[in-house]
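Open your viewer and get ready to click along. We will take this one selection at a time.

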Amino acid sequence: LDFNAINFNEDAAKQKYHQHHYGSYKQSVLAPGGFHEDLQSSDYELDKLAATRNRCTCKYWCSSISYYLPILHPFGPFRCIWDLLVMLMLIYTCVEVPVTLAFNVDLELNHFSGVISFCIDLCLLTDILITFRTAYFDKWDRLRLIIDECEIAKKYLSGWFFIDLVTSLPFEFMLPESNLMKFVKVLRIFRFARIVKILAQFVIRELLVLLKFFKIVAMMILVAHLAACGWFFVGYATLNSKTGSWISQNMLPDPADIDVDTFDAKLYVDNLPTFTKYSFSWYWAVVTLFTTGYGDIVATAGNKAEQWLVSVCILIGTCCFAYFVGTLTSLITEGDRIKSVEIQKLEEAQAFCDHKKLPRELSRAVL
């Protein structure tokens with residue numbers, strides 16, 4: 001073997017590598033001051049430059065993210081606790097967003113409610129990052145756990161990513177004057193339903209019926225809450241119209257006690273406590289959706305918006321009430337069926353012990 005030829009080929013390959021990546025080899029061994037360094041020092045500088053260039057590549061950052069944010073198991077303890085926290089934050093959001101829209105409540109960072117809303121938005125944005133780092137089981141092979149980063153990202157981007165991103169951005173602080181963008185956060189209701197479905201996989205069999213019952217009650221309260229907010233929103237929007245609204249009949253003072261020419265109805269309603277306004281709306285929603293209504297708070301004659309809203313709410317309430325009753329009946333039957341199966345198994349075990357004439361101590365151990 002010609003070792004001189006091998007060394008020459010290595011030097012030529014090295015020179016070609018440096019020319020390809022860093023330009024002229026002669027320029028690469030020149031220090032910033034312009035003087036010539038020895039080859040060992042120049043190689044050290046070239047290695048530093050290569051390391052710097054590698055830090056700017058996508059592969060470097062992906063490996064760094066993989067190191068600091070490992071892939072999480074979908075049924076791991078961290079993911080379970082995090083999903084529970086996200087569910088609690090979404091419950092708060094489902095209550096808070098319709099109230100801020102209907103009752104014209106401004107969220108500011110110098111107020112406690114504004115700080116909570118902003119922190120929830122940040123946590124939901126963090127949840128997007130955590131979802132990108134959470135493995136999932138294959139749809140067709142439930143025993144195969146997908147931990148590939150590209151496959152996880154592809155699945156999330158083609159699924160819930162857009163809804164999660166849009167509903168997590170703090171539009172009320174980015175665009176405080178735009179009420180239209182606040183309506184987007186109502187889509188968090190679908191995100192809440194997905195989280196409940198995921199948490200149902202962690203619950204043991206004995207608590208699954210209780211979780212389903214909680215889900216039904218939460219849906220009833222949520223439907224009534226949305227109806228209450230919508231009822232006040234329509235009444236407030238048509239308050240100064242010729243026909244008036246239900247607010248004019250139930251929340252404004254007696255016309256004999258005020259100066260009609262200078263009285264501002266909307267300013268008076270704005271100064272009322274939010275809880276007082278919500279109590280009127282909540283009462284109407286419950287008696288309209290889940291009963292036949294008492295007739296004390298009704299749509300104003302000639303107010304088409306209120307009449308249409310009442311009609312839609314009655315139709316939705318009829319369907320929801322029938323669904324709730326049917327689901328609760330099914331849950332009660334399911335609970336009785338589980339208990340009846342347990343009793344049947346115990347009776348079969350007792351019959352086996354009696355047939356085999358087992359001793360009392362052994363029968364007690366079997367049962």
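Here is a tour that starts with the whole chain and then visits some of its parts.

**Stop 1: the whole chain**

Keep in mind that this is a predicted model. Show the protein chain as a cartoon, and you can look for 16 helices and two strands. Of its 367 residues, 31% are buried. Now think about contacts between residues with a separation of 6 or more: 67% of them join residues 24 or more positions apart.

**Stop 2: the largest nonpolar core**

Which residues touch the most other members of the largest nonpolar core? Select Phe103, Trp231, Phe232, Trp246, Ile247, Val269 and Trp284, and you have them, out of 31 residues in this core. Next, colour the helices that each supply at least two residues: helix 5 (77-102), helix 11 (205-237), helix 12 (246-250), helix 13 (265-271), helix 14 (274-289) and helix 15 (304-356). Helix 11 gives the largest share, with nine residues. As background, nonpolar side chains tend to be buried together in soluble globular proteins.

Stay here and centre on phenylalanine 103. Beyond residues up to four places away in sequence, phenylalanine 103 touches Cys229, Phe232, Thr274, Lys277, Tyr278 and Ser281. There is also a second, separate core of seven residues, with Val86, Ile120, Leu124 and Ile130 among them.

**Stop 3: tryptophan 246**

Select tryptophan 246, which sits in helix 12. Is tryptophan 246 buried or exposed? Its relative accessible area is 0%, which is under the 20% cut-off, so tryptophan 246 counts as buried. Show its surroundings: apart from neighbours within four places in sequence, tryptophan 246 is in contact with residues including Trp231, Phe232, Phe280, Ile297 and Thr300. Zoom in on the side chain of tryptophan 246, which reaches the backbone oxygen of tryptophan 231 at 3.1 Å. Then draw a distance between the C-alpha atoms of tryptophan 246 and alanine 299: they are 6.0 Å apart, although 53 residues separate them along the chain.

**Stop 4: threonine 300**

Move to threonine 300, in the loop between helix 14 and helix 15. With 5% relative accessibility, threonine 300 is buried.

- a polar atom of the threonine 300 side chain lies 3.3 Å from the backbone oxygen of serine 245;
- the side chains of threonine 300 and glutamine 249 make a polar contact at 3.4 Å.

Among the other residues in contact with threonine 300 are Thr243, Gly244, Glu306 and Gln307.

**Stop 5: helices 6 and 7**

Select helix 6 (residues 112-132) together with helix 7 (residues 149-157). How do the axes of this pair cross? They come within 9 Å of each other and cross at roughly 135°, so the two helices are oblique to each other. To see the meeting place, show Ile128, Thr131 and Phe132 in helix 6, with Ile152, Ala153, Tyr156 and Leu157 in helix 7. Six of these contact residues are nonpolar, one is polar and none is charged.

While you are in helix 6, find aspartate 127. Aspartate 127 is buried, with a relative accessible area of 1%. Leaving out neighbours within four places in sequence, its contacts are Arg79, Trp82, Val86 and Arg191.

**Stop 6: lysine 357**

Finish at lysine 357, in the loop between helix 15 and helix 16 (360-366). Lysine 357 counts as exposed, at 74% relative accessibility. Its phi angle is near 55°, a positive value in a residue other than glycine.

Terms used. Residues are numbered from 1 along each chain as its sequence is written. This is a predicted model: local features need pLDDT of at least 70, side-chain atom pairs count only at pLDDT 80 or more; totals for chains, interfaces and linings use all residues. Side-chain values use heavy atoms; hydrogens and water are left out. Axes are lines fitted to C-alpha atoms, for helices over the stretch in contact, and angles run from 0 to 180 degrees between N-to-C directions. Helices (H or I, at least four residues) and strands (E, at least two) are DSSP runs, numbered from the N terminus. Angles under 35 degrees count as roughly parallel, over 145 as roughly antiparallel, 65 to 115 as roughly perpendicular and the rest as oblique. Contact means heavy atoms within 4.5 Å. Ala, Val, Leu, Ile, Met, Phe, Trp, Tyr, Cys and Pro count as nonpolar, Asp, Glu, Lys and Arg as charged, and the others, Gly among them, as polar. Buried means under 20% relative accessible area, exposed over 50%, partly exposed in between (1.4 Å probe, protein chains only). A nonpolar core is a set of buried Ala, Val, Leu, Ile, Met, Phe, Trp, Tyr and Cys residues joined through side-chain atoms within 4.5 Å. A polar contact is a pair of N or O atoms within 3.5 Å; within protein, one must be able to donate a hydrogen and the other to accept it, and residues adjacent in sequence count only if both atoms are side-chain atoms.
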